[in-house]
Amino acid sequence: MRCVPQKDKLMVVLTCKLPNSAPMSDRKPLWLVLAPMIFLLLWAGGYTVAKIGLRHAPPMTLLAIRFGFVVLIMGILFLIMRPPLPKTWVEWGHLAFVGVMIQTVYFGLNYLGFVNGIPAGTSALIMSMQPIAVAFIAPRWAGEHVGLVQWFGLVLALIGSAVVILARMNVGPTPLVGYVFTTVGMFGMVAGTLWEKRFGLSHHPVTANLIGYGAGLICLLPFLLLEDVTDVQWTWSFVGALAYLVIGNSVIAIGLLLAMVRAGEVSKVSAQLFLVPPVAAIMAWFVLGEEMPFWAWLGFGFAGAGVYLATHKRV
């Protein structure tokens, strides 16, 4: 067995070739193989951590601080690495649009849903409907074919996710505006994912994130006029939540999501999000003490089976 290093933008990947194995060009780098699991854990944890952060800061203020730190980190990396910038204004516009859809629309409206009475479980359930919308639009927008088995898997995963969330969700009145915010936020992620798939030009991750988060932050600033930006409690709990949201969600998870979108079919990548509700439920159980009834565990099985069917490539 011989191992040779291969460069991959941000890291050097060690690829080992066994005798009679597939050519190295056909083998995925290790980080791409592990990307779905890492993304799943980081993204699911964001629901619990975001609720902790919102105890100490208003929603748009929390996001502005979060995005400000991300832009600072990306700016430092940009000065060190000197990656190429987009060559045309059209390319700048594509990156900015994806950033606004994911950062401002998705995160902003999701946080507004939280403060308007939407529980974390309900939010995760609504967001898990995103792959249905993506799969419906993808054949017309991204030129991808979604087969009958994939559709069955998508529906099965949705049912399983619903069972998980509804089994542990506290029943109570929730303002309609909360559902509107969260649902529109979900379509922001759909738009950003499909736009990246169709118009993404494989820009350097640092360049893409710097422009995307910068655009998201700029579009977020006017909404700060509606909040008291001084009403932030800088406790250790808030600092820890902010660090997770900046490094775990905004830098690592979003970077992995965009990398997976570029590497595979958009409907299959988005189907990974069906596992977010049950995993988020487990994390909330440990961190926030939320109950995990028997029916929720049954829902895990349905959701897992559905994700496998929706993401499995037929040879």
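Where in the protein is confidence lowest, and where is it highest? I looked this up before anything else. Confidence is lowest in strand S2 (residues 11–17), at a mean of 38. It is highest in H2, at 94. The score is pLDDT, the predictor's confidence in each residue, from 0 to 100.

**Entry: ground rules**

I am reading a predicted model, where local features need pLDDT of at least 70, side-chain atom pairs count only at pLDDT 80 or more, and totals for chains, interfaces and linings use all residues. Residues are numbered from 1 along each chain as its sequence is written, and side-chain values use heavy atoms, with hydrogens and water left out.

**Entry: confidence**

The mean pLDDT of the protein is 79. I noted that 79% of its residues reach 70 or more. Over residues 1–25, pLDDT stays under 50. For that stretch the model has 44 contacts beyond four places in sequence. A contact means heavy atoms within 4.5 Å. Where pLDDT is low, the predicted coordinates should not be read in detail.

**Entry: overall layout**

I counted elements next. The protein has 12 helices and two strands. These are DSSP runs, numbered from the N terminus: helices are H or I with at least four residues, strands are E with at least two. The order from the N terminus is β-β-α-α-α-α-α-α-α-α-α-α-α-α.

Then I checked burial. Of the 315 residues, 50% count as buried. Buried means under 20% relative accessible area, exposed means over 50%, and partly exposed lies in between (1.4 Å probe, protein chains only). The accessible surface comes to about 15400 Å², and 71% of it belongs to carbon and sulfur atoms. Areas come from the Shrake-Rupley method with a 1.4 Å probe; for residues, only the protein chains shown count as cover.

I also looked at contact range. Among contacts with a separation of 6 or more, 85% join residues 24 or more positions apart.

**Entry: the cores**

Which residues touch the most other members of the largest nonpolar core? They are Trp-43, Tyr-47, Leu-62, Phe-107 and Tyr-111, in a core of 71 residues. A nonpolar core is a set of buried Ala, Val, Leu, Ile, Met, Phe, Trp, Tyr and Cys residues joined through side-chain atoms within 4.5 Å. I found a second, separate core of five residues, including Leu-154, Phe-274, Val-307 and Ala-310.

I followed Phe-107. Beyond its neighbours within four places in sequence, Phe-107 contacts Trp-43, Leu-63, Arg-66, Phe-67, Ile-102 and Ile-254.

Leu-63 was my next stop. Leu-63 sits in helix H2 and is buried, with a relative accessible area of 0%. Not counting residues up to four places away, Leu-63 touches Phe-107, Gly-108, Tyr-111 and Leu-220. Leu-63 and Gln-103 are 40 residues apart in sequence, yet 8.7 Å apart in space, C-alpha to C-alpha.

How many residues of H4 are buried? I get eight of its eight. They run from Ala-120 to Met-127. Met-127 belongs to helix H4 (residues 120–127) and has a relative accessible area of 6%. Setting aside neighbours within four places, Met-127 contacts Tyr-47, Tyr-106, Asn-110, Thr-182, Gly-185 and Met-186. The C-alpha atoms of Met-127 and Tyr-106 are separated by 9.5 Å.

Leu-112 is in helix H3. Its contacts, leaving aside neighbours within four places, are Pro-59, Met-60 and Phe-181.

**Entry: the surface**

I found a nonpolar surface patch of about 970 Å². Its residues are Phe-69, Leu-72, Ile-76, Leu-77, Ile-80, Met-81, Trp-234, Trp-236 and Val-239. Helix H2 (59–81) and helix H9 (236–263) each give two or more residues to the patch. H2 gives the largest share, six residues. Patch residues have over 30% relative accessible area and no salt bridge, and nonpolar side chains (Val, Leu, Ile, Met, Phe, Trp, Tyr) are joined within 5 Å. A salt bridge is a side-chain nitrogen of Lys or Arg within 4 Å of a carboxyl oxygen of Asp or Glu.

Arg-82 lies in the loop between H2 and helix H3 (89–115). Arg-82 is exposed, at 60% relative accessible area. Its phi is positive, about 55 degrees, although Arg-82 is not a glycine. Most residues other than glycine have a negative phi.

Notes
Patch = residues over 30% accessible without salt bridge, like charges linked within 9 Å, V, L, I, M, F, W, Y side chains within 5 Å.
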